[in-house]
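Hi there,

Here is the structure I promised to pass on to you. Have a look at it first, and then read on for what turned up.

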Amino acid sequence: MRMKSLGRSGLMVSEIGFGAAPIGDLYGLLDDEATIAAVVAAVEAGMTLIDTSPLYGHGLSEHRIGTAIRRLGRERLVLSTKVGRVMSPARGAWDREGYVGGLPFAATLDYSHDGALRSLEQSLLRLGTDRIDIALIHDLDRRNHGDALDGHVETAIAGAYRALLRLRDEGVVRAIGLGVNEAEICLRLAERCDIDCVLLAGRYTLLDRSAAEVFLPLAKARGIGVMLGGVFNSGILATGAIPGARYDYAEAGPDIRSRVERIAAICAEHRVALPVAAMHFARAHPAVSSVVLGAVDPREVERNLAGWAAEVPASLWADLAAAGLIPAAVGP
């Protein structure tokens, strides 16, 4: 597994990271041993970067990773988690925030200074470790907050960011930044804050290149490390345009399905599987340090690794550009 620098942070991360949102029971109830085995298999294959969050199964993802850490050892890992939500025991029904299963804890949105410190303390306990390498402010975007976003941004800059900045200065964490689904907020925070890295989901893919227009050039110029998540856009670039395929966390509409069918047809002409093309497209941007891929069992880890190692001909990108499906100047 090739290692790459995470911007100017001083951290070296594997070019494939393990994305732990699915092992929080995102789309279904999962077996503990299978999910823990997926983490172990990923690390044994050379993935050093593991990204999680309190949101993922309201603590379940972090608990499962913690068990894997006890089997693997902490020294070989770069751990990334997030702040912005504080968990407390649920009383009666609680908002699972899209997760099918998970733990019985309710999340309170909290971008304050003390909220960030409390969130990290809770994560350390769930993970069973004494340190976090990368701490990201989570979901600070319009999709999650709508018209209230600007107020949350100001709270986060005055609160959570200042807390993380102090922890970085004290050496408690190695790198700080954002974990979001929108490129525009990365640009806004980069202009006002001294961030080391971002984990950006779904905004540099075969279907959505908005990050290339507004953020990735800046990240490259300033040495801000970029971890890309959501390179399958919630699933449709992995499954193809099947009935019920998801795009950006919802069922894909006819326009998206049509575009995916056209992309998949050209991929088939070059004997490249659609998900393989999706991950290779994402990895090729010079600003990208790591592509974070989810897996719920060791077989999915193996499938991701095989796709990563596959050969993708340059003619594929030329044909996709000629068909108007990717800009010629943006492709690998």
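Predicted model: local features only at pLDDT ≥ 70, side-chain atom pairs only at ≥ 80, totals over all residues.

The Arg8 and Asp194 pair links distant parts of the chain, 186 residues apart. Arginine 8 sits in the loop between E1 and strand E2 (12-14), and aspartate 194 in the loop between helix H7 (183-192) and strand E10 (197-201).

Arginine 142 and aspartate 150 meet through their side chains at 3.7 Å, N to O. Arginine 142 is partly exposed at 38% relative accessibility, and aspartate 150 is partly exposed with a relative accessible area of 40%.

The other joins arginine 303 to glutamate 300, at 3.9 Å from N to O. Both lie in helix H13 (residues 298-309), 3 residues apart, or about one turn of the helix. Which of the classes does each fall into, exposed or partly exposed? Arginine 303 has a relative accessible area of 55%, so it is exposed. Glutamate 300 has 22%, so it is partly exposed.

Now for the interior. In soluble globular proteins, nonpolar side chains tend to be buried together. Here the largest nonpolar core has 94 residues, and Phe18, Leu206 and Phe215 have the most contacts inside it. Helix H12 (residues 274-283) gives this core its largest share, 7 residues. A second, separate core has 12 residues, among them Leu11, Val13, Ala175 and Met227.

What does leucine 206 touch, leaving aside its neighbours within four places in sequence? Its contacts include Ala277, Ala278 and Phe281, and also Leu237, Arg259, Ile263 and Trp317. Leu320, Leu325 and Ile326 are in contact with leucine 206 as well.

Strand E8 (residues 134-138) is worth a look on your screen. This strand is mostly covered, with 5 of its 5 residues buried. The cover is on both faces: Ile134, Leu136 and His138 are buried on one side, and Ala135 and Ile137 on the other.

E8 also has strand partners. It pairs with strand E5 (residues 78-83) in the parallel sense over 4 bridges, and lysine 82 stands opposite leucine 136 in E8. With strand E9 (residues 175-180), E8 runs parallel and is joined by 5 bridges. There, isoleucine 134 has alanine 175 in E9 as its bridge partner, and Ala175 is one of the residues of the second core.

Last, something from the surface. Met1, Met3 and Met12 form a nonpolar patch there, with about 250 Å² of accessible area together. Methionine 1 is found in the segment before strand E1 (3-5). Its relative accessible area is 37%, so methionine 1 is partly exposed.

Happy browsing, and do write back with any questions.

Best wishes

How values were computed
Residues numbered from 1 in each chain as written. Heavy atoms only, no water. Patch = residues over 30% accessible without salt bridge, like charges linked within 9 Å, V, L, I, M, F, W, Y side chains within 5 Å. Areas by Shrake-Rupley, 256 points an atom, 1.4 Å probe, with all protein chains shown as cover. Salt bridge = Lys/Arg side-chain N within 4 Å of Asp/Glu carboxyl O. Helix = DSSP H or I, 4+ residues; strand = E, 2+ residues; numbered from the N terminus. Buried < 20%, exposed > 50% of the residue type's maximum accessible area, 1.4 Å probe, protein only. Core = buried A, V, L, I, M, F, W, Y, C linked by side-chain atoms within 4.5 Å. Contact = heavy atoms within 4.5 Å. Pairing = 2+ DSSP bridges.
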